[in-house]
Amino acid sequence: MTLTKRLVLLVLPILLVGVFVAAAGMYQVQSDTLTEVEQTKLDLKLQHAKAQFEQDASVAANVASLLLDGETLPALTRSAGKDVEEYLVTQKLDRLIDDVLSDGHTRLLVTVIDDLGNPIYHHERSDNPFSETPKFVLNFARSSILKRTQTSSKLMFINSFKHAYVHGRVLDASTFLKPFRVGSDNNIVVVVTSYTEAFDRDLRTLQETYGVTPKLINRLPSFKAPDEAMTRSIEILPNFYLELELTDAYLRHSRTSLVDWLIAVSLIFGVTVAAVLLYLIRRYIIRPIEILDDQLDLVTSAQQNNIQRPVGTDELSRLGIKFYDLYDQLNTNLNESRNLAITDSLTKLPNRTRFQEFAKRAIVRAWNRKTYVSLIYIDLDNFKFVNDRLGHEAGDELLKFAANAFESLLQSEKYRQQGTLVSRLAGDEFAIVLAHDDLKDRENLAADLVGLFDGGFKTDRYLTPVSASVGVASYPEDGEDLRELIANADMAMYHAKRSGKSRFSTYSHSIAGDARRVKLIEDALKFVNCDDEFSLVFMPFVDQAGEIKGLEVLLRWYSAELGHITPDEFVPIAEQTGTYSKIDDWVFRNAFDHISKLCTFLGDDIVVAINISAAELGQADFASKLIRLKEEYNVSDGAVELEITETFGYFAVEQVLVVLRGLRDAGFGISIDDFGIGYTPLLQMIDYPVDKVKFDKELVQRLTNDQYRQLLEPTVELCHLQSIKVTAEGVEDLDKLSVLRHAGCDYFQGYSIAQPMSLVELREWHERYLPLKQ
Amino acid sequence: MRILSVVFCVLGAIGASLGASLASAREPLNVLIWEDFIDPDVLTEWTQKTGIPVQQTYYDDESERDLILAGKSASYFDVVIVNESAVNQMGEAGYLHSLKVNDKHWREFWPQACGSYGVPYLWGTYGIIYRKDKVQAPVRSWKELLSPREELTGHIGMLGQPDELLTSAFLALGYPVDSNNQTHLEDAFELLREQSKHVFNYEYIYSYIADNPESDDIWAAPAYSGDAASLNELQNKDVWEFVKPKEGLTVWVDCWAIVASSSRVDDAQKFIDFMSRDEISAKSSEAMYAASPFKDAVLIQNPDFQEDTTVYLTEKELELANLFPSFSGNDMLQRLRIRDALIRYYDTH
């Protein structure tokens, strides 16, 4: 129920009951005094009627007096019957009477009657010029003489509502004074008759008002007036009373009028008060609530950020203000947490959630517009090095700078017009969503991104040797939905990484195929039975004299489903998937197991070189495990040489150096494999605890060229100065062998000497080699 | 009741500058007369000749005049103008001086009109005047005036004299003007009362316009021949037209009479004789635009004036014309009361 309805239901009944009770009370009081009031009212009306009567009566008496004064009356009687004189005197008398009564319009008769009862003058002052003396006037005159009263007055009833006041004076016809004896001869009577028209009108009004005929009663003083409260009476002439009864019917009627009046007034009053009250309450109480409600509706339907902040100090305004503040705070918090939810706290870039939202929308738009959306995955190469070598602070700084660099690039003139979003997905992974019309744009951007890291990446405090591997997948070419696109971009990025880092790859079917193969290898590695599928091959290396000094142990994998898989292919996968330790374990055990067999035909001094992944050196228990195996297989000191691929950076880490020293002390020889293509400067390298470096095939190729040949000898000399032996790999022909031998290299390995071979082949090869050497 | 108020406006129409010493020595002759009813040039001539100045007192109601003549103040006056219908009654009642027989009677238009108490001064026709510029059509009969067409409502001025009112009503009703029949009187009163709602006032039109020269309220009224010319002169425009009503011609004759109580009967007689001279009468007649009662006087008047049919009647008209009748005192009273009742009715409705 709305407040207005409730208000109407609450206020109206109470108000109406209140007004009704008030009206009822008023009626009680009023009806008690009503009778009294009506009596007073009637008395006043009777009084008025009496005053009217007295006015008419006094006119008559005054005119009579006037006639007695002066010469007119004697002239009249003298001229009676004398034609013209009578006319003139009469005319004069008419004028006189008219003058006296000039203001009023009283209908007045003036009659002079002789003692025989004949009128000698009659004048009616009215608009009737043909008036004759009424009989009652003549009778009155006669009776006046007979009664011997000099002055007499009478109220004459002409008909029900027509009365006249007759005033007569008997005079001596000669002296025109009071007669010596009334009733004797020679009398005249002056009669003035006044028609009490105003009085009669009052009587008629009284009857119309009260419904009863007013009574004129001649009551002698001896008769007591009837003591009826309801009959009001007034004496208008001596012993003449005007009476009127206040009937029940009339009182009832006026009571009804009172009730009608009260009902009308109550109704009007009630309705007015109710209307005013409702209006005021609506206007000043309900309306503000409704406004607040409307405002809240706008806010909840998101058409408005917040309600309008009310001004004012009343309760509603305060409520509104409190709500405003509360909502404002909630809104701020909500926005903050939403921002947190979609923002990466470190770089302030949008996070994965935001990235996915944006990408989804971009795909929908591209679908509508028939355009492209590319997802560009960026992975920073060598980030782990920065973290490990320079600390996490440097890593964080790098990430922030990289984020800035990406943003700046996207804000640059070249890309500003396009819909882009860069986000940080995790760790050193970033992703860019690019909406574009031309498919070539993605390559440009990817190239620019890679280019940001040319020559290392510079932050405020560091120049870091990081680069970026970038993978690109585009809608609709490379995927129909976001999930697919993400997977493919990721795949492309890994491809770039595997292809040598610091480059970009766009997704293609061959990448997909590669990825599928990686996946197969991954799966195969998980379930591989090492003894069935793995085998070891051996590649001999010789000294200057051509003596077989050792064998590099190489792992071969033949899978029933996948066929031959090279270590280059599966080792990185194994390293990533964590299956490498299993393989390592198998390799070491088999290699150690082979040592005694090898010694039987190659001599006891033969060295077995086993490749280990630099990554393994970071594992805490790697060294101890290896030492335990050495003891278990009773391998003598110096019989095993660990070849560490000089992959980027690991030697620089103190922890790795500790492990290397530990292994060396435990009787393992340490050599650096593939020396010359890594990043570590030569001079720094020779400070490390190694016994041997193996010059990479490419280094060998380069140093044996005429251009660099003079560097070969000093380089070898440098190693020798540090007591480091030098092995030359990739010795493919005898010329090179000769050059390298002259330069002072200690050992030689390559196809010109021997290929990797199984134990059986090795035996056969050895059989053939011995005489050849001889 | 304006019209009943006697105008005691005393005008010192005292004789001219000539004989000033003589004039100042003589008491003026007091004349009771209608307003503007005497040519000032004639008066000047009289005073020059006799050295007697004339003082006029005006009345505008005949019954009022009769009361003056019958009252105590009558002795103040020497000469009075009395209408022919009243002159004999007033004379017989002893209010007028009996005059010597006039030797010009045989040369008069209305030889018997003034009887033995008066000498005729001027006569004329009682008819209707109307405003040419206001009404759509001329008002040609008493009937048209008493039962007026719509356009006249509120623009009728009635002449509030008892004789004139009843004469008009009787003629409109087709009754004899001298009737005393009760029914006739009642019918006439009823007709007049009915008419009163169209009436603007009951003043003599000439008196009313003299008092209110700018008034344009009254478009038709009973009047005496000559009034049209006087009114046009008064208002300085030619708008009033006199009509002899269709129902019949009523002729008025005003007579010179000597007040019975006058102490200067000789001077009064001398004045009346002077006024009755042919050349004086001719002059007065032209000045007042009313007919001279003396046929010899007419002969010396301007021929145009002689032939003016609004002034003089043709032989045929003269034969058909009637004088205002005379009545007994009672009948006069009845007529007076009819008039008074009418005015009272008019005032209260």
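In chain A, helix α13 passes helix α15 in a right-handed crossing (right-handed if the near helix is turned clockwise from the far one by less than a right angle, left-handed if anticlockwise). Helices (H or I, at least four residues) and strands (E, at least two) are DSSP runs numbered from the N terminus. This is a predicted model: local features need pLDDT of at least 70, side-chain atom pairs count only at pLDDT 80 or more, and totals for chains, interfaces and linings use all residues. Residues are numbered from 1 along each chain as its sequence is written, and chains are lettered from A and ligands numbered from 1 in the order in which they are written.

**Helix pairs in chain A**

- α13(A) (residues 509-527) and α15(A) (residues 567-577) pack at about 65 degrees with their axes 10 Å apart; axes are lines fitted to C-alpha atoms, for helices over the stretch in contact, and angles run from 0 to 180 degrees between N-to-C directions.
- α13(A) and α15(A) are therefore roughly perpendicular (65 to 115 degrees; under 35 is roughly parallel, over 145 roughly antiparallel, the rest oblique).
- Val518(A), Ile521(A), Glu522(A) and Leu525(A) of α13(A) meet residues of α15(A) including Phe570(A) and Ile573(A), where contact takes C-beta atoms, placed from the backbone, within 7 Å.
- α9(A) (residues 383-390) and α10(A) (residues 392-411) pack at about 140 degrees, axes 6 Å apart, and that makes α9(A) oblique to α10(A).

**The sheet in chain A**

- Five strands form an open, mixed sheet in the order β10-β11-β9-β14-β15 (chain A); strands pair if DSSP finds at least two bridges between them.
- At the edges sit β10(A) (419-426) and β15(A) (503-506), each pairing on one side only.
- Strands β9(A) (residues 372-381) and β14(A) (residues 467-475) run antiparallel, joined by 9 bridges, and Val373(A) has Tyr475(A) as its bridge partner in β14(A).
- α10(A) packs on the sheet, touching β9, β10 and β11 (429-436) of chain A, at about 165 degrees to β10(A).
- α12(A) (residues 482-498) lies across β9, β14 and β15 of chain A, at about 145 degrees to β14(A).

**Chain B, the interface and confidence**

- The predictor gives the complex an ipTM of 0.79 and a pTM of 0.52.
- The contact between the chains takes 16 residues from chain A and 23 residues from chain B.
- Chain B averages a pLDDT of 87, with 91% of the residues at 70 or above; pLDDT is the predictor's confidence in each residue, from 0 to 100.
- Over residues 1-24 of chain B, though, the pLDDT is below 50.

Definitions and conventions:
Contact = placed C-beta atoms within 7 Å.
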